[in-house]
Amino acid sequence: MKYLAATLPDQLGAISGIGACNDVTVSVYSPDSDSYVETRSQEQVELLSLSGNVENADGKISTHLHASFARLDTSVFGGHLERAVISRTGELVISIVPLAVGRILHQPTQLQVLDLS
């Protein structure tokens, strides 16, 4: 993904996908601790849904992805995708959005958010 993004300066790509993985780390934001709590699974899981974006703003490539996974017992977990190793198949689609992008600081949350202006 990062190689593709490097070829598209100041562009935004929307990502979606499905597949199968066997080493996954996701994180969920905890307001109580003001930090992300990671969960890792090294079992065979189905990637039910992957969505997010990849951007190349001012030469800095970044991704923001969310994913949900199903275990063999059909229980589901997910969050911010930190890592996923595809074990069988991964069908990912990246659609280029014809907008120049950047990031700005959102004062109330102190998060860097997309600047589409």
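This is a predicted model: local features need pLDDT of at least 70, side-chain atom pairs count only at pLDDT 80 or more; totals for chains, interfaces and linings use all residues.
Q: Where is Ser27 placed?
A: Ser27 sits in strand β1, residues 11-30. Strands are DSSP runs (E, at least two residues), numbered from the N terminus.

Q: Which side chain makes a polar contact with the side chain of Ser27?
A: A polar contact is a pair of N or O atoms within 3.5 Å; within protein, one must be able to donate a hydrogen and the other to accept it, and residues adjacent in sequence count only if both atoms are side-chain atoms. For Ser27, the partner is the side chain of Glu82, at 2.6 Å. Ser27 and Glu82 are 55 residues apart in sequence, yet their C-alpha atoms are 6.9 Å apart in space.

Q: What else is Ser27 in contact with, leaving aside neighbours within four places in sequence?
A: Contact means heavy atoms within 4.5 Å. Beyond those neighbours, the contacts of Ser27 include Tyr36, Val37 and His80.

Q: Where does His80 lie, and which side chains does it meet in polar contacts?
A: His80 is in strand β5, residues 76-97. Its side chain makes a polar contact with that of His64 (3.4 Å). Another, also of 3.4 Å, joins His80 and His66. His80 counts as buried because its relative accessible area is 18%.

Q: How do I read strand pairing, and how many bridges join β1 to β5?
A: Two strands pair if DSSP finds at least two bridges between them. Here β1 and β5 pair in the antiparallel sense over 14 bridges. Gly17 stands opposite Leu92 in β5.

Q: How many bridges join β4 to β5?
A: Five bridges join them, and the two strands run antiparallel. Ala67 has Gly79 in β5 as its bridge partner. β4 and β5 form a hairpin with five residues between them, and Thr74 in the turn has a positive phi of about 75°.

Q: Which residues touch the most other members of the largest nonpolar core?
A: A nonpolar core is a set of buried Ala, Val, Leu, Ile, Met, Phe, Trp, Tyr and Cys residues joined through side-chain atoms within 4.5 Å. The largest has 13 residues, and Val24, Leu50, Phe69 and Leu81 touch the most other members. β1, β3 (45-57), β4 (60-70) and β5 each supply at least two of its residues. Leaving aside neighbours within four places in sequence, Val24 is in contact with Phe69, Phe77 and Leu81, among others.

Q: How many aromatic pairs are there in the whole structure?
A: Rings of Phe, Tyr and Trp (its six-membered ring) pair if their centres lie within 6.5 Å; planes under 30 degrees apart are stacked, over 60 edge-to-face, and the rest tilted. The search finds two pairs. One of them, Phe69 with Phe77, is stacked: 5.5 Å centre to centre, with 25° between the planes. Phe69 and Phe77 are both buried.

Key
Residues are numbered from 1 along each chain as its sequence is written. Side-chain values use heavy atoms; hydrogens and water are left out. Buried means under 20% relative accessible area, exposed over 50%, partly exposed in between (1.4 Å probe, protein chains only). Helices (H or I, at least four residues) and strands (E, at least two) are DSSP runs, numbered from the N terminus.
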